[in-house]
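Dear colleague,

I am handing over the structure below, with notes on what was found in it. Please read the notes with the structure open.

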Amino acid sequence: MEITETKEQITAIPRIGDVAPTFEAVTTQGNINFPADYVGKWVILFSHPADFTPVCTSEFITFAHLEEKFNKANCQLVGLSIDGLYSHIAWLRTIKDKIEFNGMKNMEVKFPLIEDISMEVAKKYGMVQPNESKTQAVRAVFFIDPNGIVRAIIYYPLSLGRNFDEIYRALIAMQTADAFKVATPADWNPGDDVIVSPAGTCGVAEERMNSNDELECKDWFFCTKKLEKDTVFDEILKK
Ligand code: BEZ
């Protein structure tokens, strides 16, 4: 395979742990100042390739259906594409009036959808990936915490619709990790056992392997404990 050098401008992508890049934008819900307007809340900032396209339409119907569930978990949704405001408005009206997907219909998108014809915001967040498309944003998902820090990032290509159960699971898992000072194992869902941080001293390692009613240790470095689903949601939903 021949490798050709690309002369595309390489834009920095915010990384996990970085302060979320700031911007002001026009949206379908009025102007926003990001992330200042969202301090104290989690935000899912996500991009889609274009209005009036089928995969994006299926995603917006799904996100609109789930919006209240995300809001209850102290999380606001903010969408973006490289389209203008009037295109956004026309598309969202069409979705509400005409499109049914997976049994969901008459879905009203109440969260802001950013117009970004200039690509200024998309470029700041590395949402334009020129070898995938020079004119459309890929399907990026940025999880930004209540302090304005980027906590997780997911990127999908244009053709692949996102899994919204996974987006919600990731949000709740990070909130659980923060609230209970634990980690979450593969495929974790609320109600499953959580991981206790590894022992930092030989003494603690020994202690963990001997008696501890709360912990179940497979080995000194691999200890889990129970965390009831109700306990998780009581903590998260009270915020
Ligand atoms: C879509 O949303 O259907 C789509 C958008 C861009 C490229 C491919 C599919």
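In which helix is Met209 found? Met209 belongs to helix α5, which covers residues 202-209. Please note that this is a predicted model.

Met209 has a relative accessibility of 37%, so this residue counts as partly exposed, since buried means under 20% and exposed means over 50%. Together with Trp220, Phe221 and Phe222, Met209 makes a nonpolar surface patch of about 390 Å².

As for the overall layout, the chain is divided into domain 1 (2-165) and domain 2 (181-237). Their C-alpha centres are 34 Å apart.

The largest nonpolar core has 39 residues. Those with the most contacts inside this core are Ile44, Phe60, Phe63, Phe70, Phe143, Ile167 and Ile172. Two or more residues each come from β3 (42-47), α1 (54-72), β4 (75-81), α2 (85-98), β6 (139-144), α4 (164-180) and α6 (229-237). Helix α4 gives the largest share, 8 residues. Both domains take part: domain 1 and domain 2 each supply at least three residues to this core.

Leaving out residues up to four places away in sequence, Phe143 touches Val43, Ile44, Ile149, Val150, Arg151, Ala152, Ile153, Ile154, Ile167, Ala170, Leu171 and Met174.

There is also a second, separate core of 23 residues, with Leu45, Ile114, Met119 and Val121 among them.

Regards

Terms used. Residues are numbered from 1 along each chain as its sequence is written. This is a predicted model: local features need pLDDT of at least 70, side-chain atom pairs count only at pLDDT 80 or more; totals for chains, interfaces and linings use all residues. Side-chain values use heavy atoms; hydrogens and water are left out. A nonpolar core is a set of buried Ala, Val, Leu, Ile, Met, Phe, Trp, Tyr and Cys residues joined through side-chain atoms within 4.5 Å. Buried means under 20% relative accessible area, exposed over 50%, partly exposed in between (1.4 Å probe, protein chains only). Helices (H or I, at least four residues) and strands (E, at least two) are DSSP runs, numbered from the N terminus. Domain bounds come from an automatic or database domain assignment. Contact means heavy atoms within 4.5 Å. Patches are made of residues with over 30% relative accessible area and no salt bridge: like charges are joined within 9 Å, nonpolar side chains (Val, Leu, Ile, Met, Phe, Trp, Tyr) within 5 Å. Accessible areas come from the Shrake-Rupley method with a 1.4 Å probe; for residues, only the protein chains shown count as cover. A salt bridge is a side-chain nitrogen of Lys or Arg within 4 Å of a carboxyl oxygen of Asp or Glu.
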